[in-house]
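Hi everyone, thanks for coming. Let's take a look together, and then I'll walk you through two parts of it.

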2 protein chains.
Amino acid sequence: MRVRVAVDATGGDQAPAAVIEGALAALAADDELEVLLVGPETALRMAPAERRLEPVRSGPGVPEGGHPARWLREHDDAAVTETVRQVARGLAQAAVSVGHTGALMVAARWVLGPLPGVARPIPVGVLPVGSAPVLLDLGASTEARPRDLLAHALLGSAYAEVVKGVANPRVALISNGVEPGKGTPLLQEAYRLMAERLPTFVGYVEPVDMFAGRADVVVADGFVGNVVLKTMEGIAASLLPLVPEGSPLHDRVARMTDITAAGYPILLLGVGGVVVPGHGRAEAADVARAIAGAAAAVRGGLLDRLYARLGDLGAEDDGPTEGSKRG
Amino acid sequence: MRVRVAVDATGGDQAPAAVIEGALAALAADDELEVLLVGPETALRMAPAERRLEPVRSGPGVPEGGHPARWLREHDDAAVTETVRQVARGLAQAAVSVGHTGALMVAARWVLGPLPGVARPIPVGVLPVGSAPVLLDLGASTEARPRDLLAHALLGSAYAEVVKGVANPRVALISNGVEPGKGTPLLQEAYRLMAERLPTFVGYVEPVDMFAGRADVVVADGFVGNVVLKTMEGIAASLLPLVPEGSPLHDRVARMTDITAAGYPILLLGVGGVVVPGHGRAEAADVARAIAGAAAAVRGGLLDRLYARLGDLGAEDDGPTEGSKRG
């Protein structure tokens with residue numbers, strides 16, 4: 001299936017070189033892929049002529065520091081916004097930006113709009129440990145409400161189905177014990193909601209059992225999800241110097257320092273399009289994997305699956321569009 | 001220095017056998033130690049005659065399940081309560097119970113009272129990874145307020161000084177980024193309080209940097225602390241089968257499955273006495289380590305150090321004594 005992916009040429013510390021190199025690598029690996037490279041003239045000029053790499057002129061990339069939401073409002077033609085617009089206009093089926101995740105979240109919500117029942121887009125990924133559960137979110141919703149966690153459970157279920165190929169994914173809530181009375185008031189209410197609305201809800205899971213296959217999708221608010229992710233990375237970093245290089249164990253531990261190491265992309269879920277963020281330190285290979293992940297999500301019908309999952313939640317009025325809490 | 005430690009003979013899955021065996025091992029390793037073994041006649045009867053092991057008759061141990069606070073109110077002579085009472089009466093300088101931690105927290109707060117400015121006792125320990133930071137709390141205060149986190153920072157500082165021998169321990173708050181604007185509203189307010197009141201406060205630390213020596217004491221609410229601890233244990237459990245047994249790395253990973261493996265005890269801080277909880281699955285060696293840890297904390301002058309640290313916080317009125325949120 002032919003897929004067109006819009007890629008922000010200005011995203012990441014090594015832009016545009018790493019982005020261009022990554023796009024070319026993704027094109028070389030996939031004959032049915034086309035890339036729209038979006039950025040200012042200075043960035044586009046560095047790309048070689050290639051039939052399936054189409055330059056799209058835009059304004060500048062997001063500068064370091066400052067408040068991305070405000071800056072994006074003042075720069076309507078920003079590269080990240082124009083990248084997402086390619087999807088809104090039907091010129092591409094997915095958008096990739098390995099730059100400022102907060103800015104991408106703001107641009108994606110403004111341009112593509114929220115999915116029904118979802119307050120703001122959240123990053124979702126697969127933990128590269130043990131049974132490799134889908135974790136969400138990875139660090140956006142530090143002030144989630146119970147119904148947000150229910151919506152996230154549905155987003156994560158769609159991810160597990162389409163990206164990991166799991167039928168009827170089991171969903172658990174991360175808590176400090178498995179009895180229903182455990183957890184914060186937020187979790188207790190989310191538990192009640194999920195038990196009522198989600199047939200594949202299996203209850204609480206403690207992080208100690210998270211990698212042992214108890215659930216396919218584990219849900220936490222963004223703060224707790226971030227703590228899980230960063231604890232994993234910190235432990236891996238502390239162990240890595242002790243493991244003989246080249247050993248299978250070294251690979252195993254090294255994987256834990258990179259959330260995409262299990263081979264599944266991070267997706268920014270909750271907006272009306274396929275959007276893939278990345279790490280600011282992304283190298284060409286990371287960009288290529290992000291583009292391939294975006295194409296695979298499109299081919300798997302992610303967006304249809306998301307709408308189907310969220311269908312019975314109903315839209316909610318969130319008042320005026322807000323900037324991301326993360327940026 | 002001669003130390004007397006009261007030990008709950010009914011605590012843990014393997015009580016009283018593992019408790020008695022552990023007490024005897026602790027006595028064998030420390031000539032200046034005396035143990036008061038507290039429990040019902042049926043338990044005490046199993047202990048051999050030993051000059052420094054003194055039986056103290058009490059009521060029964062806490063039964064499985066149910067609400068420990070209510071049960072303790074209805075059983076004033078419960079073994080765990082009588083164990084803590086030995087400290088309140090000056091007959092022992094520390095209390096150890098490897099049974100139900102929630103019950104021990106309730107009994108300790110009722111019998112010994114709270115320290116000034118501390119809402120409820122919290123378990124504190126040392127993460128056996130990298131720079132081995134003191135983590136608090138390990139799972140009690142799931143509804144902490146900013147001033148609770150400040151009080152916890154002071155408790156953790158006293159622990160680091162007395163138990164780990166760190167002068168002027170640096171304190172950090174666990175967050176999802178290091179910029180002062182990061183974190184939940186709770187953390188932002190705690191950040192402001194600590195920056196104002198704690199000269200050795202070094203700001204936020206992400207869990208990824210927690211084991212790299214950025215801080216000696218890391219503070220989180222009990223839910224987040226529990227997530228850190230259990231994520232560490234889960235990752236260790238997933239790696240352990242892959243590591244050759246007997247290798248130095250196997251030891252290193254195995255340590256991560258046990259919070260006391262760095263050689264420092266868990267202490268229940270925030271009450272007017274030295275109190276050591278333990279894991280319900282504790283074996284004799286764990287009981288012996290808990291008793292030795294209690295004796296070391298007494299000899300190090302922990303309680304004086306706690307009062308000195310908390311001195312300027314002032315007492316707070318928490319209303320009627322509450323049961324533990326954990327049990």
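A word on terms first: helices (H or I, at least four residues) and strands (E, at least two) are DSSP runs, numbered from the N terminus, and the expected span of a helix is 1.5 Å times one less than its number of residues. This is a predicted model, where local features need pLDDT of at least 70, side-chain atom pairs count only at pLDDT 80 or more, and totals for chains, interfaces and linings use all residues. Residues are numbered from 1 along each chain as its sequence is written, chains are lettered from A and ligands numbered from 1 in written order, and side-chain values use heavy atoms, leaving out hydrogens and water.

Let's begin with helix H5 of chain A, residues 101–112. Is H5(A) enclosed or open? Largely enclosed by the rest of the structure, because 10 of its 12 residues are buried; buried means under 20% relative accessible area with a 1.4 Å probe, protein chains only. Among them are A:Thr101, A:Met105 and A:Leu112. The cover over these buried residues includes helix H3 (68–74), helix H4 (79–88) and strand E4 (94–97) of chain A. Just past the helix, A:Gly113 has a positive phi of about 75°.

Now over to chain B. Here 6 strands form an open sheet with mixed pairing, in the order E8-E7-E9-E6-E5-E10. Strands E8 (201–205) and E10 (267–269) are the edges, each pairing on one side only; pairing takes at least two DSSP bridges between two strands. E5(B), residues 122–126, runs antiparallel to E10(B), joined by 3 bridges. There, B:Pro123 stands opposite B:Leu268.

Technical notes. Buried < 20%, exposed > 50% of the residue type's maximum accessible area, 1.4 Å probe, protein only. Contact = heavy atoms within 4.5 Å.
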